[in-house]
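Please study the sequence and the structure before reading each solution.

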Amino acid sequence: MRIKQIRLIFQILRLCITKVQPQNWLLLSVILLFSKLSFASEFKVVADIWPPFVMVENEQVRGIGVDILNEIVSRTGDKIEIAVLPNRRARKVFEEGLADIVLLDSLLWNPVEKRKLMVFTDEIIRVKEHIYFLKSSPLKVNKPSDLSGKNVHIMRGYYYETFA
């Protein structure tokens with residue numbers, strides 16, 4: 001369908017450009033406006049709360065990641081609907097095909113077998129993972145076995161390849 005629309009637009013463009021008259025430029029502008037609207041898609045996006053990248057304030061989804069995505073769709077003419085879900089549920093919704101995009105995911109946060117089913121953009125932000133603890137109980141951690149016998153809390157539904 002889009003190929004037919006593109007061909008039609010180019011035929012009309014050629015006609016408008018060869019007969020440079022004010023009414024043709026108006027027609028050209030209207031065609032370009034509607035062509036952008038007709039090619040626009042709506043994407044369902046899932047994301048987990050991850051301040052300052054994804055947050056909910058006053059029932060609005062906000063954050064740096066949301067701002068980046070909004071800038072992209074403002075340039076493409078596409079529309080998005082963002083659902084904020086716990087990470088495990090967001091991934092399930094995505095894997096079942098009920099969402100088109102997982103906002104701010106990483107190759108490192110996905111098992112190799114699942115990466116094969118996904119397409120990732122180029123890196124848009126860089127995040128460094130850390131293990132943290134109370135100052136009163138410092139630990140030196142160089143390898144996973146250094147955590148043996150310790151209580152380690154991780155985010156449910158997240159994947160940590162080093163510890164898998």
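**Exercise 1.** Which element supplies the largest share of the lining of the largest cavity?

*Solution.* The model is a predicted one.
Step 1. The largest share, three residues, comes from H4.

**Exercise 2.** Determine how the residues of the cavity lining divide into nonpolar, polar and charged.

*Solution.* The lining of the largest cavity comprises ten nonpolar residues, one polar residue and three charged residues.

**Exercise 3.** Which residue forms a salt bridge with Lys 114, and how many residues apart are the two partners?

*Solution.* Step 1. The whole structure contains six salt bridges.
Step 1. One of them joins Lys 114 to Glu 95, with the closest N and O atoms 2.9 Å apart. This pair links distant parts of the chain, since Lys 114 lies in helix H5 (residues 112-115) and Glu 95 in helix H4, 19 residues apart.
Step 2. Lys 114 has 32% relative accessibility and counts as partly exposed; Glu 95, at 44%, is also partly exposed.

**Exercise 4.** Is Glu 57, a partner of Arg 62 in a salt bridge, buried or partly exposed?

*Solution.* Step 1. In the salt bridge between Glu 57 and Arg 62, the closest N and O atoms are 3.9 Å apart.
Step 1. Because its relative accessibility is 38%, Glu 57 counts as partly exposed. Arg 62 is partly exposed with a relative accessible area of 38%.

Definitions and conventions:
Residues are numbered from 1 along each chain as its sequence is written. This is a predicted model: local features need pLDDT of at least 70, side-chain atom pairs count only at pLDDT 80 or more; totals for chains, interfaces and linings use all residues. Side-chain values use heavy atoms; hydrogens and water are left out. Helices (H or I, at least four residues) and strands (E, at least two) are DSSP runs, numbered from the N terminus. Ala, Val, Leu, Ile, Met, Phe, Trp, Tyr, Cys and Pro count as nonpolar, Asp, Glu, Lys and Arg as charged, and the others, Gly among them, as polar. A salt bridge is a side-chain nitrogen of Lys or Arg within 4 Å of a carboxyl oxygen of Asp or Glu. Buried means under 20% relative accessible area, exposed over 50%, partly exposed in between (1.4 Å probe, protein chains only).
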